[in-house]
Amino acid sequence: MSQENSTSEKTQETRKRLFLGGLLVVFAGVVYFQFFSGSDAPSPAPRVASANATTTPATPQRPTAPRAGGTPEPIVSQPLDLASMQGRDNSSSGTGRNIFVYPTPTPLPPPTPAPPVPTPPPPPIDLRSINPAGVIARTGEFTMTLFGEKIPQDAQGFFDGRAYPTTFISGAEIKIKIPAEAIRAPGNISVMIRSQSDAKLYSNSASLNVAQPPDPPYKYIGLIVTKNGPTAVLKSTSDDDVHNVKKGERVGGSHWRIINITPQKIEIEDTNIRISHIINYSGETG
């Protein structure tokens, strides 16, 4: 019994193998017929589509009439022109275009211009000019005349921010007395007019030029002492001339007069503007 079962199993196993072998042969025949049937002539090599060349779509082959012997002429298949097909697909589907549409950014508004600065109204009192327009520092007191319009009768003159004695002449002129102490240093000094009773009445500002006084053009290079008193030896800075002068004398007949002589310095006066200067002893090489 055991031997019969074994024989039956072997028979079934053989049938299965034959069945599988038959299926394999059928599949191989189908594959051969599908890919290797037809003419023995070699098929033309597929053409490579160039990017710049214009491709021509493949023209389908019409069936040919049967040969005289009754055998139909084989149909030679042509390779598909994939480049032209893809080109048509791309043009129809819109490939290559930017499908994302970005809105144009809104331009920034122009900057708001700054409001114009209003021009302040002119002062109620119009100061036109002053006389003199300039003086030399360290000179004596002087009287300054101011000219303008709408000058009130209680006008007060101001020099460098300080009030000084003022004389009203008319609605167009006043005079201010300036002391020597007010012009001790050089510079530009402001001049104004104000009302003594109404603070809203004031003028524009003018400027007085206070100039540096000229320096003496000499050097103190020597001292000669005799029984008649000391004699200063001065050397001109312009032409190197040497002058021997005593106290009270003028140097070379000029407007420079010697006031005092010591071994360390001399005091010399500009007689034109009544200003004295100190010249320190500098020696022969000075």
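I began with the contacts (heavy atoms within 4.5 Å) in the protein chain. Of those with a separation of 6 or more, 47% join residues 24 or more positions apart.

I noted the basis of the model. It is predicted, so local features need pLDDT of at least 70 and side-chain atom pairs pLDDT 80 or more, while totals for chains, interfaces and linings use all residues. Residues are numbered from 1 along each chain as its sequence is written, and side-chain values use heavy atoms, without hydrogens and water.

Next I looked up the elements. The protein chain has 2 helices and 15 strands. These are DSSP runs numbered from the N terminus: helices are H or I with at least four residues, strands are E with at least two.

I then traced an open sheet of 4 strands. Its order is β1-β3-β7-β6, with antiparallel pairing (at least two DSSP bridges between two strands). At the edges are β1 (126–131) and β6 (166–170), each pairing on one side only. I checked β3 (residues 142–149) against β7 (residues 173–178): they pair in the antiparallel sense over 6 bridges. Met 144 stands opposite Ile 176 in β7.

I turned to Gln 156, in strand β4 (residues 155–159). Gln 156 counts as buried because its relative accessibility is 15% (buried is under 20% relative accessible area, exposed over 50%, partly exposed in between, with a 1.4 Å probe and protein chains only). A polar atom of the Gln 156 side chain lies 2.5 Å from the backbone oxygen of Tyr 164. Beyond neighbours within four places in sequence, Gln 156 has contacts including Ala 163, Met 192 and Arg 194.

Last, I looked up burial overall. Buried residues make up 21% of the 286 residues in the protein chain.

Conventions:
Polar contact = N/O pair within 3.5 Å; in protein donor to acceptor, adjacent residues only side chain to side chain.
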